Amino acid sequence: MKVGARVALILLSAAVLERGVFSQLRFDGAAVDLFLLLAISAGMVGGPDRGAVIGFFAGLILDLLGQSPLGLYALVYCLIGYVVGVVHTAVVRASRWEPMVLAFLASLVGITMYVVASFMVGRTGLINRHLLVVLAVVSVANAVLVPVTNRAFRWALGDRAGSRAAVR
Amino acid sequence: MALSRRIGRSRFTLLLLVLTSLTLVTLDFRGFGPLDQARSSVLSVFAPVGDGASGLFRPIGNFWHGAFAYDDLQHQNDALRAQIDDLQGQVTAGEVAKRSNQELLAQAKLPFVGDLQTVRARVTSGAVANFDETIEINKGSNDGIKKDMPVVTGTGLVGSIVQVSDNRAVVRLVTDTSFQVGVNALGTAFNGVARGQGSDHQLKATMDVTAQVAPGQILVTRSIPGGRFPSDLPVGTVATVTADDGSLQRAIDVNLLADMQDLTYVSVVLWEPSP
């Protein structure tokens with residue numbers, strides 16, 4: 001199976017899981033954001049280039065599934081995928097916990113960036129208690145789940161992708 | 001040299017993606033038809049997938065709700081027991097109350113949906129994204145539902161249709177931060193605009209500073225030419241009124257009449273604004 005088809009399979013599986021399962025399992029109104037997790041994971045495993053592209057498509061799927069301004073999640077998640085790729089590449093000696101810490105921090109930044117971007121396109125009112133719950137739930141869940149998605153992307157992109165990103 | 005070329009290529013890719021995203025956002029704001037069509041297609045495609053997955057994983061969801069919403073369930077249970085007690089006491093007075101209610105509605109000239117045709121639909125799921133306040137219902141354009149039609153329960157307005165496919169529709173709830181509706185204080189000529197405030201399930205309305213509104217007063221939808229709502233759909237009751245001396249408007253907290261926590265069935269009002 002080609003790389004593109006494998007990545008598409010991961011994105012499609014994520015869409016089904018998010019739509020069918022994770023959006024139903026809400027903790028105080030906040031659900032796990034698998035698409036942000038995929039953007040972060042793609043950046044870690046595939047580097048900035050692939051992180052940006054996969055982040056873009058992950059965000060675009062979430063845009064199509066939801067009712068936010070179309071393209072807004074795509075914009076934020078492609079930036080997050082790119083930034084995570086750059087930061088992960090810059091880490092010389094990664095510890096076992098580094099992907100989890102990076103996923104936690106990148107989730108915080110990603111959600112905040114989305115709220116700021118929403119504000120800039122006129123969608124105000126997102127800064128409330130719900131935002132704090134979303135920040136906490138998504139960041140913790142993504143930190144816990146990132147080893148699983150990293151493994152999936154190592155399979156999809158090939159182990160060499162991970163080595164290349166690390167060498168850079 | 002190779003490294004800088006690679007970084008340059010990465011930045012070029014990122015720039016292209018950012019520009020594409022911004023173009024999509026712009027086109028979406030301008031109401032570009034094909035994007036709307038793409039969303040409707042995704043809604044159709046994922047409806048059975050989502051329903052199947054929901055059915056398959058419902059036991060997990062039930063366990064989750066049981067584990068993390070135990071306190072809420074306990075409160076609901078207590079509230080329901082109290083309601084049963086109240087209702088048993090009210091059964092005998094029910095007919096009298098019904099008659100009084102009909103008289104009140106007639107006096108207030110508030111026919112609720114009146115002669116307007118409605119389509120009853122079941123809520124199949126909630127929003128996918130964290131910042132959307134939407135629900136999905138099991139009826140679509142095959143049942144005559146169109147974009148922007150109002151959605152109500154037996155007690156009041158809950159939202160409007162934002163996306164339609166053949167057998168599915170998405171309702172933007174009144175609590176969504178991008179939702180706004182023109183309101184009128186019942187029995188007065190005072191008009192205002194009510195806006196969603198996110199998940200705290202209250203609306204905030206603004207009215208002219210001269211408006212004489214008091215807590216408990218009912219707010220209903222106001223029909224304006226080309227507007228999205230017919231007149232006199234109950235929205236909520238005035239909770240508090242804040243008068244700011246320096247402002248030309250009053251800020252009003254509105255308690256919704258519809259129970260947004262427990263939406264199982266809703267009715268879509270088949271109403272379209274006259275051109």
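These legends describe close-up views of a predicted model.

**View 1. Chain A is built from helices, with no strands.** The secondary structure of chain A comes to six helices and zero strands. Read from the N terminus, the order is α-α-α-α-α-α.

**View 2. The overall dimensions of chain A.** The C-alpha trace of chain A spans about 45 × 30 × 30 Å along its principal axes. Its radius of gyration is 15 Å, which agrees with the value near 15 Å for a compact globule of 168 residues. Buried residues account for 55% of the 168 residues in chain A. Of the contacts in chain A between residues at least 6 apart in sequence, 72% link residues at least 24 apart.

**View 3. Helix H1 packs against helix H5 in chain A.** The axes of H1(A) (residues 3–22) and H5(A) (residues 129–157) come within 8 Å. They cross at roughly 155 degrees, so H1(A) is roughly antiparallel to H5(A). H1(A) contributes A:Val3, A:Arg6, A:Val7 and A:Ile10 to the contact. H5(A) contributes A:Ala152, A:Trp155, A:Ala156 and A:Leu157. By class, the contact residues are seven nonpolar, no polar and one charged.

**View 4. Chain B meets chain A.** The contact takes 44 residues from chain B and 41 residues from chain A. On the chain B side, the elements giving two or more residues are helix H1 (2–29), helix H2 (33–68), strand E4 (157–164) and strand E5 (169–173). H2(B) supplies the largest share, 14 residues. The side of chain B that touches chain A divides into 23 nonpolar, 15 polar and six charged residues.

How values were computed: Residues are numbered from 1 along each chain as its sequence is written. Chains are lettered from A and ligands numbered from 1 in the order in which they are written. This is a predicted model: local features need pLDDT of at least 70, side-chain atom pairs count only at pLDDT 80 or more; totals for chains, interfaces and linings use all residues. Two residues are in contact if their C-beta atoms, placed from the backbone, lie within 7 Å. Helices (H or I, at least four residues) and strands (E, at least two) are DSSP runs, numbered from the N terminus. Ala, Val, Leu, Ile, Met, Phe, Trp, Tyr, Cys and Pro count as nonpolar, Asp, Glu, Lys and Arg as charged, and the others, Gly among them, as polar. Axes are lines fitted to C-alpha atoms, for helices over the stretch in contact, and angles run from 0 to 180 degrees between N-to-C directions. Angles under 35 degrees count as roughly parallel, over 145 as roughly antiparallel, 65 to 115 as roughly perpendicular and the rest as oblique. The radius of gyration is taken over C-alpha atoms; the globule rule is 2.2 Å times the number of residues to the power 0.38. A residue is buried if 20 or more other C-beta atoms lie within 10 Å of its own, exposed if 12 or fewer, and partly exposed in between; C-beta atoms are placed from the backbone.
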